[in-house]
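Dear colleague,

I am passing on the structure we spoke about, with the sequence alongside, and my notes on what was found in it follow below. Please keep the model open while you read.

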Amino acid sequence: MRDLESALASWVLAYLLNSLWQVPLVFCAALAAARLARRAGPQMEHRVWVSALMLQAVLPLCHLHLNELWGQAWGLLVWFRNPGIADGHTRIILGAGTASRLAVPWLSAQVLASAAAAYECALLYFAGRLGWGLWKTEGLRRRAVRLELTSETARKTDRFRRLLGIGRGEVQIASSAEISGPATVGVERSTLLLPLGFLDKLSADELDALLAHEFAHMRRRDFGKNLVYGILSLPVAYHPVLWLTRARLAETRELVCDAMAAEAVGGRESYARSLMRLASMLSDRAAPRILHAIGILDANIFERRVMHLTRRSLEARGIRRFAIAAACALVAIATCVSALALRMDVNAPPSQKPAPTSVHVKADSLTLVNKVQPVYPVQAKKDKVTGSVVLAVNIGKDGVVKNLRVVS
């Protein structure tokens, strides 16, 4: 049991040790890939950051040794190219040596157990924070009062629902006095939460922009995706660089929804103007304190969003888009290979078993039970060879000889 705990603690320490440098490595690679993907549109840039988040959580778990894999692959290739080597021929393949695992001899089992316990406490904290946020959000959704929409608002709601491909029973609009800005919540059934009296202050264009953007979140099921990302990133939730990755993911998500909403309202410039007016209305309000809720002003990149909407630029298409995707894939492969090649493992400290207890018995306390006369070699008798042979023997409690060796 103690050996199992020590092995588990060393595995946890190896995960922590590798995540400390692999998470920043993936983030830097994602920055480069996102810069390339930006020319292909916000959708590809968003996928880059989603992939980065998954790699940051999964790469520290991988124990694949590339040297061994390359040696096996080369051996299979030689075998396929020379199938006759089984007919009395032998081929020896010499490859690169495998680096030994990193040993940390100054860490005792107690230190490993303490590090594992600290990591488990951090994991429980972030998991509890995630669960608490979901519970608070669900309670807020249940306490919200469903709005009775005017005929014009209901018509606009149905129009954008059809444009963005959302089912009739999948959307609910409610108001709550506990929030200060629009927010979308819900996994199976999405609910658009609005502050009390918020719809009465909106013009027709502002209402169009709000509904189009929030329905874009619902179409993409961003609330559920955000929850999945939170669960997947729990093992590395302690890392500050992961927080930067989550921020970049939220930024690109808003850019994707802006593009969808601008297409739904029929113009990027009119949507940008409505977005600016909505931002000025909500500038004096505190951000809604709802974990995982998605809203029109969720990410703090308002300036970049407006510039992206008003900028006259053509997204890459066709072969150019494929080349950008291929370049991003090469960056990802190079990052994974580097992370696996430089991976560090931590060996569990060897268990120290207590030495067996020796009991010294006096010669006069021994009783001869059976005497066996030794058989002397014939040549030794002729040469009259004499001497003493000293033996060391361990006898168990049951009287059976456990170990016998010649001392001299």
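The crossing of helices α8 and α9 is right-handed, and the residues that make this contact are Asp258, Ala261, Ala262 and Val265 on the α8 side, with Arg268, Tyr271 and Leu275 on the α9 side. Sorted by class, the contact of α8 with α9 has five nonpolar and two charged residues, and no polar ones. As for geometry, the axes of α8 and α9, the latter spanning residues 268–282, come within 8 Å and cross at roughly 115 degrees, which makes α8 roughly perpendicular to α9. Please bear in mind that this is a predicted model, a point I return to at the end.

Helix α8 also packs against α6. Helix α6 covers residues 204–220 and α8 covers residues 240–265, and the two pack at an angle of about 125 degrees with their axes 8 Å apart; at that angle α6 is oblique to α8, since angles of 65 to 115 degrees count as roughly perpendicular. This crossing of α6 and α8 is right-handed. From α6 the contact draws on Asp208, Ala209, Ala212, His213, Ala216, His217, Arg219 and Arg220, which meet a set of α8 residues that includes Arg253, Glu254, Val256, Cys257, Asp258 and Met260. The residues of the contact of α6 with α8 divide into nine nonpolar, two polar and six charged.

The next partner of α8 is helix α10, residues 302–310, where the two axes come within 10 Å and cross at roughly 40 degrees, and α8 and α10 are therefore oblique to each other. The crossing of α8 and α10 is right-handed. Here Glu251, Glu254, Leu255, Asp258 and Ala262 of α8 are in contact with Arg304, Arg305, His308 and Leu309 of α10, and by class this contact has three nonpolar, one polar and five charged residues. Asp258 of α8 takes part in the contact with α6, in the contact with α9 and in the contact with α10.

Turning to the strands, there is an open sheet of four strands in the order β1-β2-β4-β3, with mixed pairing. Its edge strands are β1 (145–146) and β3 (183–185), each of which pairs on one side only. Strand β3 pairs with β4 (residues 190–195) in the antiparallel sense over three bridges, and within that region Val185 stands opposite Thr191 in β4.

Finally, how much confidence does the predictor place in the chain on average? The chain averages a pLDDT of 80, and 77% of the residues score at least 70. Confidence is highest in helix α2 (residues 42–58), at a mean of 94, and lowest in helix α3 (residues 66–81), at 58. Over residues 92–106 the pLDDT is below 50, although this stretch has 18 contacts in the model beyond near neighbours in sequence. Where pLDDT is low, the predicted coordinates should not be read in detail.

With best wishes

Key:
Residues are numbered from 1 along each chain as its sequence is written. This is a predicted model: local features need pLDDT of at least 70, side-chain atom pairs count only at pLDDT 80 or more; totals for chains, interfaces and linings use all residues. Side-chain values use heavy atoms; hydrogens and water are left out. Axes are lines fitted to C-alpha atoms, for helices over the stretch in contact, and angles run from 0 to 180 degrees between N-to-C directions. Angles under 35 degrees count as roughly parallel, over 145 as roughly antiparallel, 65 to 115 as roughly perpendicular and the rest as oblique. A crossing is left-handed if the near helix is turned anticlockwise from the far one by less than a right angle, and right-handed if clockwise. Contact means heavy atoms within 4.5 Å. Ala, Val, Leu, Ile, Met, Phe, Trp, Tyr, Cys and Pro count as nonpolar, Asp, Glu, Lys and Arg as charged, and the others, Gly among them, as polar. pLDDT is the predictor's confidence in each residue, from 0 to 100. Two strands pair if DSSP finds at least two bridges between them.
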